[in-house]
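Here is a short briefing to read alongside the model. Keep the viewer open and follow the residues as they come up.

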Amino acid sequence: METHRDLPTNAISFCLLPSELIQYIILQLALPEIIRLKSVNKFIFTIISDRDFVRNYNHQSSSATWLFLYKKRWRREAVLYGFADCSNRWFNIYIADLLKQVVPPGEDVYFLTATANIFLFALNNRQEVMSVDIMSGMVKKIPPSPLGPRGTSSWRRSGMKLLSCPCNPDHFRFLFAELHENHPTLFEYDSRIETWKFSKAREVSQELLGGDFIFLSASNGRDGSVIIGVRPQCSSSSSPVVIRPTFIARGNEEDRLAVGFSWGNAIDLLHVYGDGNMLTIRSDKVNKTVRKIKRIELWGLSTNGRYWEFISRVPSELIDKISEPYGAMMGCMQKTQGITRAIFMTNLEGTWETIWLSYNKKDNHWGWLPLPDCNMKGSNLAGVTFSSGLTLS
């Protein structure tokens, strides 16, 4: 039996509680807290490693949606922050020590995307991509894609997707879409075999059947998009398809348009893409360098994929709550289980604000999740993404 002689008094008291109560308390914690708790002593480590506890926690966390932000003030002060929609605070994810295993000093690191416990980071100078498993602490270099080394500016959030393997959470598939030799092409890396493959998307003439597609943007412009649709199953033998929806703006939209990022003194209309959806964010000038959100609309693919179809507009009373002056804005979005979620990161004179919106198509309801401040003032935003629930393994 373990002795408690060298343990802090609060740890001793906690361990004297009934095991069932300890499990219940730990189940209320987020994974970053549980990871740190595992190192308290062997007794708590044993409880957290129990198969029943792992199964119960993973079932509970499967419904959570996480937002991750990667910020850096200086290269030595990069921090990954996580926020779950079932919590009310930010969590620090200690990633710097893991990256030091393979990342040389002075390298610019950017956060690309995440799923479950797998996080992808891009090295700007070396033009490499690293995968990090925050549970096992494993950091691995991903071989260059068939397109060769890529700088961080080459990666588009709406054009890539990270998928975890249901049978083994340690493995993943990384997909991204590009116009290669003027043809929409899907590139896929499988961590199980550590190999890339790529395939040209075929044109589709029939109507899209069902919702069993992952949509990746190969390109987006003012009047339309080129999107690749692919089945998510690892064993699927069907080839990716290309969809070319056109966009007809509602009302008298001006020519100034941004895709993914906008500066307040130049852009009136921001388009954000993700998972076969599009958000249009219309803003008005406050002065020469500052704007405020005026209108947000959600668009989706039509049944035949030939055009962007209007779905819903954020109610004006919600716009009044979230519309604050900004100098620059960027966004990303995700759709899972019928709910579309969007994040807008706004910056005004070095101060960042985060807006989390969601739309439930079944109920035709827009929601707003107010987020506490995560001390972003004066920092550079080096990556933002949604992710599925973190899991114990």
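Is Glu181 buried or exposed? Glu181 is exposed, with a relative accessible area of 64%, where exposed means over 50%, buried under 20% and partly exposed in between (1.4 Å probe, protein chains only). This is a predicted model, so local features need pLDDT of at least 70 and side-chain atom pairs count only at pLDDT 80 or more, while totals for chains, interfaces and linings use all residues. Residues are numbered from 1 along each chain as its sequence is written, and side-chain values use heavy atoms, with hydrogens and water left out.

**The loop between E9 and E10**

- Glu181 lies in the loop between E9 and strand E10 (183–190); helices (H or I, at least four residues) and strands (E, at least two) are DSSP runs, numbered from the N terminus.
- Although Glu181 is not a glycine, its phi is positive, at about 55°.
- Asn182 lies in the loop between E9 and E10 too, and has a positive phi of about 65° without being a glycine.
- For background, most residues other than glycine have a negative phi.
- Asn182 counts as exposed, at 71% relative accessibility.

**Aromatic pairs**

- A search of the whole structure finds 24 aromatic pairs; rings of Phe, Tyr and Trp (its six-membered ring) pair if their centres lie within 6.5 Å, and planes under 30 degrees apart count as stacked, over 60 as edge-to-face and the rest as tilted.
- The ring centres of Phe83 and Trp356 are 6.3 Å apart and the planes stand at 65°, so this pair is edge-to-face.
- Phe83 belongs to strand E2 (residues 79–84) and Trp356 to strand E24 (residues 351–360), so the pair ties together parts that are 273 residues apart in sequence.
- Phe83 and Trp356 are both buried.
- Phe174 and Trp196 make an edge-to-face pair, with 6.1 Å centre to centre and 65° between the planes.
- That pair links distant parts of the chain, with Phe174 in strand E9 (residues 168–180) and Trp196 in strand E11 (residues 195–200), 22 residues apart.
- Phe174 and Trp196 are both buried.
- One aromatic cluster includes Phe174 and Trp196, together with Trp155, Phe172, Phe176, Phe187, Tyr189 and Phe198.

**Charges over rings**

- Arg150 places its charged end over the ring of Trp155, 4.3 Å from the ring centre; the criterion is NZ of Lys or CZ of Arg within 6 Å of the ring centre and within 35 degrees of the ring normal.
- Arg231 does likewise with Phe213, its charged end sitting over the ring at 4.1 Å from the centre.

**Salt bridges**

- In general, side chains of opposite charge can pair when their charged atoms come close.
- A search of the whole structure finds 11 salt bridges, each a side-chain nitrogen of Lys or Arg within 4 Å of a carboxyl oxygen of Asp or Glu.
- Arg55 bridges to Asp52, with the closest N and O atoms 2.5 Å apart.
- Both Arg55 and Asp52 lie in helix H5 (residues 51–61), three residues apart, about one turn of the helix.
- Asp52 is partly exposed, with a relative accessible area of 40%.
- Arg173 and Glu188 meet through their side chains in a salt bridge (2.7 Å, N to O).
- This bridge links distant parts of the chain, from Arg173 in strand E9 to Glu188 in strand E10, 15 residues apart.
- Arg173 is buried at a relative accessible area of 4%, and Glu188 counts as buried at 10%.
- Asp190 and Arg192 form a salt bridge (2.8 Å, N to O); Asp190 is buried at 9%, whereas Arg192 is partly exposed at 43%.

**Glu178 and its surroundings**

- Glu178 lies in strand E9 and counts as buried, at 15% relative accessibility.
- Residues that Glu178 touches include Leu147, Arg150, Arg156, His183 and Phe187, not counting residues up to four places away in sequence; contact means heavy atoms within 4.5 Å.
- Glu178 and Leu216 are 38 residues apart in sequence and 9.0 Å apart in space, C-alpha to C-alpha.
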